[in-house]
Amino acid sequence: MNEIIWLPVLLPFLAAAVAPLAVHTRRMRAPFLIGVTGLELICAAYLLLAGQDASAQLPHYRIALTAQDFHGLYLTVTAALWLCAALMAIPYFKEHTQDLGSFDAFFFLTLGATAGVFLSADLITLLIFFEIMSVASFVWVIHDRTRRAAHAAGVYLGIAIFGGMAALMGILLVDHAAGTTVISEIAASGALADHRTELIVAGFLLLIGFGAKAGLFPLHVWLPLAHPVAPAPASALLSGILTKTGVWGVLIIVAQILPGVSLFFGVLLAAALITMVLGAVLALLSSDLKYTLACSSLSQIGFILTGVAMLGFLGAENSSAAYGVIAYMLNHSVVKIVLFLAAGAFFCARHTLSLTELRGAGKGHPVLHVVFLLGAASLCGIPGTLGYVGKTLIHESIVEYSAQGGAIFSVVEWVFLLSGGLTVAYMTKLYICLFWQKPLGTVDADSPLSAAAGISVVVPALLLLSGVLPALAIEPLCRIGLPFLSGREFAEPVSYFSLRNLSGFLISAAAGAVVYLLVVRRVLIHDGSYRDADSSLPSLTDRVYLPLCRNSVTALTVLCRVPDQAVDLCAYLLRRYVLYGTAPRRYHPHKLLVRIGEMIDRRRKPAEGEPAASAVLIQWWEAAADTTRRVLGNFSFALLMTCLGISVLLIYLFIIA
């Protein structure tokens, strides 16, 4: 068992090295993609069934893996949805042969790193795989090599690096305070009682790192940029799986590092609510299919993290929040695979993502119609779907805490329900546009879904109907993940379809209908064309983050140049006013060069108009001297900065720490 647990990580890494060869032979690409991802799913399912025995550690290193409880469950979800994406990648790239080798290689590399994240039993292990995953998935975003893709990839990588550095500092603080980075041992170490302030700071640093990957406001800016430009199979995984690695990290903070810290839960809840509303508004105003789905992912992450915050607030009575978070994480992963892969099918058929040009694109394609409708219904939380179960339980957790005296949580409840209404509005906009509006041209006779692509969307879409029997189909899965979340089982059965629980959906549905009729139909649609109102909104990246980075670099450059120039000024003043005339005069090299040049000229007798050898030698000397001065100047500056950094580190180690 200890050896098998490494297989979900090592198998994709090895496949990444072989992938370019499989693409080169062309006929081997499809069997290779399906074979590797299929084996990954088999390994994941085996580890999930193995349960408590599935764990391993490298001796003398902080590399530890476990497939217990939620680890094994989400590894299996990851492998299954990766297989769906692989099935879609075969027809999606049928007409595109450029860079398939690099896409497939990083497709597998990202799979191995993501599996490592979900299997990590140690924060150091988690961070290592987290960073590999971020860098590998960067290639997905920049795959098309357009200016828009380059911009999105730059923002994605910048946010990823910033978040990774923040997470690293947080992990170091956790290690110092708790004396361990093993996830299951942090809460048991009692560090929160002795090092409360230090752990709270560490928790917020980790929130920056993991929240950036999840798409939590204000570090969400990469998500609406990256998802639309990446190929559809990559977009589906970016939204459905990779954002969950960020949620995974936030769950560790809430359940293991900072249990009972209301300050942290309050900040998380505020950021989650902003993310929820902001993503829904952006999705409503968008006229691009994949951009709408990307902003929808932003909003749905807000729903999930609202449940995570309630998990912390409720403490020991967190049954509804724990079950709701797990159910809605599963729902969002499956839904986004269905919707993004369906968007990929539309793109392959029409070569556009504009809603105006995609009007009626789904007419005459019943399979695509059904799977898109199931995905939209589950995202909206319609009763009988997996999304309804997750949203209902998270809503119930808000109501429970509000009944305990948290009056402000009545406002939280209404924000939650109205955001659900916005979800109904923008998904209704997409559904009616794609399947009910009159097409621009003739209806496509051929189905945009090939056999492989059909399997990749039909199977996960059918899983969304598990909400029909939540107690039998969903609760057992959620129960697997309860230990990871420090969750409690239900004391009594939940009546999911009671009038009290249905009322939340009815309020959201009514709000969504009003928004669709008054905003979408009257404002956002003109003569059958969809207005892109989102493009007129100010960009947080362009207006805030990029100017802040530029100004910060300028300020740091000036700050670093001051001590460097001060040293040069002191040396100049000493030489000019103190040591003037005391140093012996150095022999100027030009005199020697002139003599050598004259000797060369006497022997070779230069032709008319040819420069003298002495002039050439002096020119070479000046160029070499100038280059040397520049190198030594930069090297001295680097040495100065290194010394300052070492000094600060020593001050921290010997005084603060």
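Colleague: Which residues touch the most other members of the largest nonpolar core?

Modeller: Bear in mind that this is a predicted model. The largest nonpolar core holds 199 residues, and helix H14, spanning residues 319-350, gives the most to this core, with 20 residues. Those that touch the most other members are Phe-70, Phe-107, Leu-251 and Leu-289.

Colleague: Which residues does Phe-107 touch, not counting residues up to four places away in sequence?

Modeller: Phe-107 is among the core residues that touch the most other members. With residues up to four places away in sequence not counted, Phe-107 touches Leu-33, Thr-37, Trp-82, Ala-85, Ala-86, Trp-140 and Leu-237.

Colleague: Where is the kink in H11 centred?

Modeller: Helix H11, residues 232-257, reaches 36 Å from its first C-alpha to its last, which is close to the 38 Å expected at 1.5 Å a residue. Because 26 of its 26 residues are buried, H11 is largely enclosed by the rest of the structure. The kink in H11, of about 40 degrees, is centred on Leu-238.

Colleague: Which residue caps the N-terminal end of H13?

Modeller: Helix H13 covers residues 289-314 and reaches 38 Å from its first C-alpha to its last, close to the 38 Å expected, and 26 of its 26 residues are buried. Just after H13, Gly-315 takes a positive phi of about 60 degrees. At the N-terminal end of H13, a side-chain oxygen lies 3.1 Å from the backbone nitrogen of Lys-290, and the capping residue that supplies this oxygen is Asp-288.

Notes. Residues numbered from 1 in each chain as written. Predicted model: local features only at pLDDT ≥ 70, side-chain atom pairs only at ≥ 80, totals over all residues. Heavy atoms only, no water. Core = buried A, V, L, I, M, F, W, Y, C linked by side-chain atoms within 4.5 Å. Buried < 20%, exposed > 50% of the residue type's maximum accessible area, 1.4 Å probe, protein only. Helix = DSSP H or I, 4+ residues; strand = E, 2+ residues; numbered from the N terminus. Contact = heavy atoms within 4.5 Å. Expected span 1.5 Å × (residues − 1). Bend = angle between axes of the 7 residues up to and from the residue. Polar contact = N/O pair within 3.5 Å; in protein donor to acceptor, adjacent residues only side chain to side chain.
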